[in-house]
Amino acid sequence: TEFTHIHDFLIAMALANYHITFRFSHNGRDVFHYYSKKSLFERFSDIVGVDAKEFVEINYSRGSFKLTGFAGLPSAAKQNPSYFITFVNGRYVKDKIIRSGVIQAYQGLLIKGLIAPAIIFVSVDPSWVDVNAHPSKTEIRFYDPASLQEFVSIGIQNAVKESVHKQNTPVTKIKAKEEHFIHNNFSNLEIKNPYFSDKTTNFETMSLRNKLPNKLIGKFIGI
């Protein structure tokens, strides 16, 4: 719809110009109102909200090529992601080469048919790009599309795989298992303080979340 096109375009402009305040109203109501920010990350967090935790920040360069922005973790992938926004040298574009590079980056990480969200800023030597390929100026042409697609794919893949690897490290898994065990078995348990006898009416309670020795927890959960 016309509203959707306007909304999506203004979101893209707000991302590309985070130092400017953007306000979008429709039928007398604010659709969004983003105040000026000092960084792209702040504007990105404003727009995406709580879902920002499902993204990994991208910062990759090779020669005159530079890739920055945010790419979704595999867990954020959908058939039609809410955010798939691309820029080249600051210009908002809809380019199949960049899109292919993003999709290629997730090969082996996603179920077929799912696409991860991405907000990508590509910076290249202007001589690489023909910005007059289409009257709308949102479609461009690269003189070496294969290389650019590879750069985009590698830049995103490196960041996403590193983040996924960190989430799946043994230390992280053990910590999660430990927290789950304590929560399910001891979070509400109260025991008598050993300094009082059974006949003592006054007794002190303590949470095993704080007092149970780590070695004992390890025996319980098998580590």
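Helices (H or I, at least four residues) and strands (E, at least two) are DSSP runs, numbered from the N terminus. The model shown is predicted: local features need pLDDT of at least 70, side-chain atom pairs count only at pLDDT 80 or more, and totals for chains, interfaces and linings use all residues. Residues are numbered from 1 along each chain as its sequence is written, and side-chain values use heavy atoms, with hydrogens and water left out.

**View 1. The loop between E4 and E5, at proline 74.** Proline 74 sits in the loop that links E4 and E5. Its relative accessible area is 21%, so proline 74 is partly exposed (buried means under 20% relative accessible area, exposed over 50%, partly exposed in between; 1.4 Å probe, protein chains only). Leaving out residues up to four places away in sequence, proline 74 touches Leu109, Leu110, Val160 and Val164; contact means heavy atoms within 4.5 Å. Proline 74 and isoleucine 111 are 37 residues apart in sequence, yet their C-alpha atoms are 9.2 Å apart in space.

**View 2. Serine 163 in helix H4.** Helix H4 spans residues 145-167 and holds serine 163. Serine 163 counts as buried because its relative accessibility is 18%. Residues up to four places away in sequence aside, serine 163 touches Val56 and Leu73.

**View 3. Packing of helix H1 on helix H2.** Two packed helices are described by the angle between their axes and the distance between the axes. The axes of H1 (residues 2-16) and H2 (residues 40-48) come within 9 Å and cross at roughly 150 degrees. H1 is therefore roughly antiparallel to H2. Ile11, Ala14 and Leu15 of H1 make the contact with Leu40, Arg43, Phe44 and Ile47 of H2. These residues divide into 6 nonpolar, no polar and 1 charged. Axes are lines fitted to C-alpha atoms, for helices over the stretch in contact, and angles run from 0 to 180 degrees between N-to-C directions. Angles under 35 degrees count as roughly parallel, over 145 as roughly antiparallel, 65 to 115 as roughly perpendicular and the rest as oblique. Ala, Val, Leu, Ile, Met, Phe, Trp, Tyr, Cys and Pro count as nonpolar, Asp, Glu, Lys and Arg as charged, and the others, Gly among them, as polar.

View 4. E5 (residues 84-88) and E7 (residues 118-123) run parallel and are joined by 5 bridges. Phenylalanine 84 stands opposite alanine 118 in E7.

**View 5. The loop between E5 and E6, at asparagine 89.** Asparagine 89 lies in this loop. Its phi is positive, near 50 degrees, in a residue other than glycine. At 39% relative accessibility, asparagine 89 counts as partly exposed.

**View 6. The nonpolar cores.** A nonpolar core is a set of buried Ala, Val, Leu, Ile, Met, Phe, Trp, Tyr and Cys residues joined through side-chain atoms within 4.5 Å. The largest has 30 residues, and those with the most contacts inside it are Phe65, Val88, Ile98, Val122, Leu148 and Ile156. E3, strand E4 (65-72), H3, E7 and H4 are the elements that give two or more residues to this core. H4 gives the largest share, 7 residues. Isoleucine 98, its neighbours within four places in sequence aside, is in contact with Thr86, Val88, Val93, Val122, Phe142, Leu148 and Val152. Another core lies apart from this one; it has 22 residues, among them Phe22, Leu40, Phe44 and Ile47.

**View 7. The hairpin of E1 and E2.** E1 and E2 pair in the antiparallel sense over 5 bridges. Phenylalanine 24 has phenylalanine 32 in E2 as its bridge partner. The hairpin has 2 residues between the strands, and asparagine 27 takes a positive phi near 55 degrees. Asparagine 27 is in the loop between strand E1 (22-26) and strand E2 (29-34). With a relative accessible area of 70%, asparagine 27 is exposed.

Terms used: Pairing = 2+ DSSP bridges.
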